[in-house]
Amino acid sequence: MKSLKWVTRVSAMMLVAAACEPADSDAVEERDYRIVVVTHGQSSDPFWSVVSNGVHDAADDLGVRVEYQAPNSFDMVEMNNLIDAAIASRPNGIVVSIPDGDALGSAIRTATETSVPVISINSGGDVYRDLGVLAHIGQPEYEAGFVGGEQLAAAGVSKALCVNHEVGNVAQDIRCRGLDDALRAAGGTSSVLAVDLADPDDTQQRVAGALTTDPQLDGILTLGPNGAEPTLSALRETEKSGEVTFGTFDLSPTVLAAVRDGEMLFAIDQHQYLQGYLAVTLMVKFLETRALPGGGREIPTGPGVVTAETAAGVIALSEQGVR
């Protein structure tokens, strides 16, 4: 019987136009391609580790060499330097996330203008065409934020907090805007609370302070587990767990357990494993055929919504590093 991880890989491959070899190491044809992946998230991060798993699984399945690189923190200067270094190393292709098109645009244009093919993942759906990037694989962020707002509004939320743990990432701002528009369409409103990705204790205290200061807050949307997990602690600390409706972007074992147990209403899943896996797969097929599905476009990997009814089944996949 094939493992769930193998099945997930094959499902990902079926999403692209070109057929690929099965995930059998004895049958893999080695290809003389080197692909550099530069993202704004470290492979040690729970979210980005799943992206990295997708990148490396695709490389193993297709017989290519990949290098996954990221700055030590959310640092656009360092990320820009990594992209420049990747270009100088003359890879066959580059995969990037684009959290800030203004900060990274010059480096990415240098790659595309020197005929190094580039595919973007995760962040950058708003700017990838302008930068000459071949395709973008990720979640439409505004639509995902709007879905989150609809979920909260349907649960009766009228005033929500959007907890942004990564200030400077344009995708996070777009998510909060989608949330606000959905709530306003339902007669509610929202505000943004900026917190520090690197300081979960401070995030917990900031969220607890907001809940204590404004008793009218009846909903929270966090933008990732780095905001969700301290927010869970803040809700417990202020004894508002179950009283304030709470949803998040992205998955972690803690998030999924909270959704399963009813402490959180939902988690929005952008299927980041597929972002890594499909980026490498599409790049290899582009190098071989000079063609992409749809001639190059945005390929959505979300949003999906995980609820109490589905969380238990997703936990096993999360433990395998594919969700």
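I count a charge as sitting over a ring if NZ of Lys or CZ of Arg is within 6 Å of the ring centre and within 35 degrees of the ring normal. With that in hand I looked up arginine 175, whose charged end sits over the ring of phenylalanine 249, 4.1 Å from its centre.

I am reading a predicted model, in which local features need pLDDT of at least 70 and side-chain atom pairs count only at pLDDT 80 or more, while totals for chains, interfaces and linings use all residues. Residues are numbered from 1 along each chain as its sequence is written, and side-chain values use heavy atoms, with hydrogens and water left out.

Next I checked confidence (pLDDT, the predictor's confidence in each residue, from 0 to 100), and found a chain mean of 92, with 92% of residues reaching 70 or more. Over residues 1–25 the pLDDT is below 50, although this stretch has 38 contacts (heavy atoms within 4.5 Å) beyond near neighbours in sequence. Where pLDDT is low, the predicted coordinates should not be read in detail.

I then looked up aromatic pairs (rings of Phe, Tyr and Trp, the last by its six-membered ring, with centres within 6.5 Å; stacked under 30 degrees between planes, edge-to-face over 60, the rest tilted), and the structure holds three. One of them joins phenylalanine 47 and tryptophan 48 edge-to-face, 5.2 Å centre to centre with 80 degrees between the planes. Phenylalanine 47 is buried (under 20% relative accessible area, against over 50% for exposed and in between for partly exposed, with a 1.4 Å probe and protein chains only) at 8%, and tryptophan 48 is buried at 6%.

Another pair, tyrosine 142 and phenylalanine 146, is tilted, 6.1 Å centre to centre with 40 degrees between the planes.
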